[in-house]
Amino acid sequence: MSSTASSPQRVLQPGGYNGNDSRSSSTSSSFLRPELESTETEEAELVSVSWNQDSSCFAAGTSHGFRIYNCEPFKETFRRDLKNGGFKIVEMLFRSNILALVGGGPNSQYPSTKVLIWDDHQSRCISEFSFRSEIRAVKLSRDWIVVVLEHKIYVYSFVDLRLLLQIETHANPRGLCCLSHDSDTSVLACPGLLRGEIRVEHFGLNMVQTINAHDASIACMTLTLDGLLLATASTKGTLIRIFNTMDGTRLQEVRRGVDRADIYSIALSPNVQWLAVSSDKGTVHIFSLRVRVVGEDSQSSENAALLTQGTYSNSLQGLVSPATGTNPGSSLSFMRGVLPKYFSSEWSFAQFHVSEVTQFFAAFGSHNTVAITGMDGSFYRCSFDPVNGGEMVQQEYICFLKTDNPPR
């Protein structure tokens with residue numbers, strides 16, 4: 001599989017998005033120039049939803065373009081309605097004006113084989129990457145542009161667009177790939193060559209770790225911001241596992257349920273005390289984690305420094321700790337090893353129920369809250385009790401495709 005990249009002669013320097021709409025007449029020559037829709041247009045259909053790197057915003061790809069929403073407080077901050085159709089992938093770079101766009105959805109004239117790096121402050125395409133097969137996902141960090149195809153992943157430098165790495169993977173129709181976003185670490189996780197296997201690239205250490213995470217194919221994964229911990233689920237959808245990415249050790253395993261489920265999202269709270277999982281069973285589960293807590297003492301920053309120096313210990317000391325809440329287990333857990341495995345499992349600590357007929361994606365907010373976006377255009381914010389758990393309380397509900405006051 002080959003790829004080509006083109007760009008004007010300039011270095012990409014993502015800046016903060018300030019909502020200005022200054023337009024430029026220059027653009028990449030092969031880019032289908034966006035034209036604004038008239039205001040009398042048919043209602044936009046939702047094509048995709050994706051969180052930015054710190055879950056403070058999310059992007060919605062629509063049949064007519066894309067929209068950006070702030071989560072706390074909830075507000076539509078920007079929209080771009082186009083005559084040329086919409087995008088199936090809209091990937092933000094934190095809160096900057098830089099976006100990665102891939103065409104798709106009803107009547108889209110933008111190809112699904114091309115990534116457009118879009119500077120919305122200048123209203124122009126500043127780079128593009130073309131491939132011979134459909135793009136499954138794009139991931140951005142301050143250093144990299146990562147393009148995911150079904151059997152291959154390309155990693156480019158964000159500064160000069162140079163191809164840094166090509167990775168062969170097991171069949172990956174979901175476009176699974178995740179990046180660390182801590183300034184001290186450079187970690188990428190993706191499917192390995194074998195079913196159920198995950199490859200972890202520690203770029204700062206020039207080291208590759210292979211983790212045999214599940215017997216079935218990988219369905220969902222996420223990294224902590226520093227890339228030291230990885231949470232995974234398989235297509236079976238019953239268990240979520242947390243691994244140390246340095247040595248591949250399994251640190252904890254929690255159970256979503258007994259029946260098979262399609263896992264839509266896994267999220268880790270910034271302090272790594274909580275894990276959220278959404279699935280086609282119509283429930284968002286919150287689990288308490290026993291792994292080390294980031295940012296609450298000096299040890300985590302020391303670990304990150306040691307990681308970049310290549311002297312990080314493989315010891316699990318400092319990675320496993322008691323959490324504020326405890327996941328419930330079966331009353332028969334004392335018979336571990338005698339009864340089936342699910343009797344000794346850790347079950348969810350808190351739950352929130354949504355519709356089973358659409359996909360929902362969860363992310364953590366501030367003060368023990370969870371934000372949930374749905375492919376039906378719904379946005380929920382709910383809170384959970386960090387001591388007692390149980391049913392979460394709905395704090396907010398918005399149909400975000402029908403906001404009354406779009407930004408101008």
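This report describes the fold, nonpolar cores, salt bridges and selected residues of a predicted protein model.

**Overall composition**

The protein contains one helix and 30 strands. Of its 408 residues, 54% count as buried. Among contacts between residues at least 6 apart in sequence, 50% join residues at least 24 apart. The protein exposes about 17,600 Å², and carbon and sulfur atoms supply 47% of that area.

Leu-179 has Leu-188 of strand 15 as its bridge partner.

Both of these leucines are also among the residues touched by Trp-144. Trp-144 belongs to strand 11 (residues 144-148) and is buried, with a relative accessible area of 7%. Other residues in contact with Trp-144 include Lys-139, Val-155, Tyr-156, Phe-158 and Phe-203. Between Trp-144 and Asp-160, which are 16 residues apart in sequence, the C-alpha to C-alpha distance is 10.0 Å.

In soluble globular proteins, nonpolar side chains tend to be buried together. The largest nonpolar core here has 21 residues, and those with the most contacts inside it are Val-115, Phe-131, Ile-135 and Ile-145. At least two residues of this core come from each of strand 7 (98-103), strand 8 (114-119), strand 9 (124-131), strand 10 (137-140), strand 11 and strand 12 (152-157). Apart from this core lies another, of 18 residues, among them Ile-286, Val-354, Phe-360 and Ala-362.

Beyond its neighbours within four places in sequence, Ile-135 is in contact with residues including Lys-88, Ile-89, Val-102, Val-115, Val-147 and Leu-149.

**Salt bridges**

The whole structure holds 17 salt bridges. Three of them are listed below, with the distance between nitrogen and oxygen atoms.

| Arg-381 | Glu-72 | 3.9 Å |

Arg-381 forms a salt bridge with Glu-72. Because Arg-381 lies in strand 28 (residues 378-383) and Glu-72 in the loop between strand 4 and strand 5, the pair ties together parts that are 309 residues apart in sequence. Arg-381 is buried at 11% relative accessibility, whereas Glu-72 is partly exposed at 39%.

Glu-134 is partly exposed, at 36% relative accessible area, as is Arg-136, at 29%. Asn-172 is found in the loop between strand 13 (163-168) and strand 14 and counts as buried, at 1% relative accessibility.

**Backbone features in loops**

The peptide bond from Glu-72 to Pro-73 is cis, with omega near -5°. Pro-73 lies in the loop between strand 4 (65-70) and strand 5 (75-81).

Ser-55, although not a glycine, has a positive phi of about 60°. This serine is located in the loop between strand 2 (46-51) and strand 3 (57-62) and is partly exposed, with a relative accessible area of 22%. Val-272 likewise has a positive phi of about 60° without being a glycine. Its place is the loop between strand 22 (263-268) and strand 23 (274-279), and Val-272 is buried, with a relative accessible area of 2%.

**Cysteines**

A disulfide is a covalent bond between the sulfur atoms of two cysteines. The model has zero disulfides. For Cys-178, the nearest cysteine sulfur is that of Cys-177, at 6.3 Å; because a disulfide requires sulfur atoms within 2.5 Å, Cys-178 is in no disulfide. Cys-178 is buried, with a relative accessible area of 8%, and Cys-382 is buried at 0%.

Note on methods: Residues numbered from 1 in each chain as written. Predicted model: local features only at pLDDT ≥ 70, side-chain atom pairs only at ≥ 80, totals over all residues. Heavy atoms only, no water. Pairing = 2+ DSSP bridges. Helix = DSSP H or I, 4+ residues; strand = E, 2+ residues; numbered from the N terminus. Buried < 20%, exposed > 50% of the residue type's maximum accessible area, 1.4 Å probe, protein only. Contact = heavy atoms within 4.5 Å. Areas by Shrake-Rupley, 256 points an atom, 1.4 Å probe, with all protein chains shown as cover. Core = buried A, V, L, I, M, F, W, Y, C linked by side-chain atoms within 4.5 Å. Salt bridge = Lys/Arg side-chain N within 4 Å of Asp/Glu carboxyl O.
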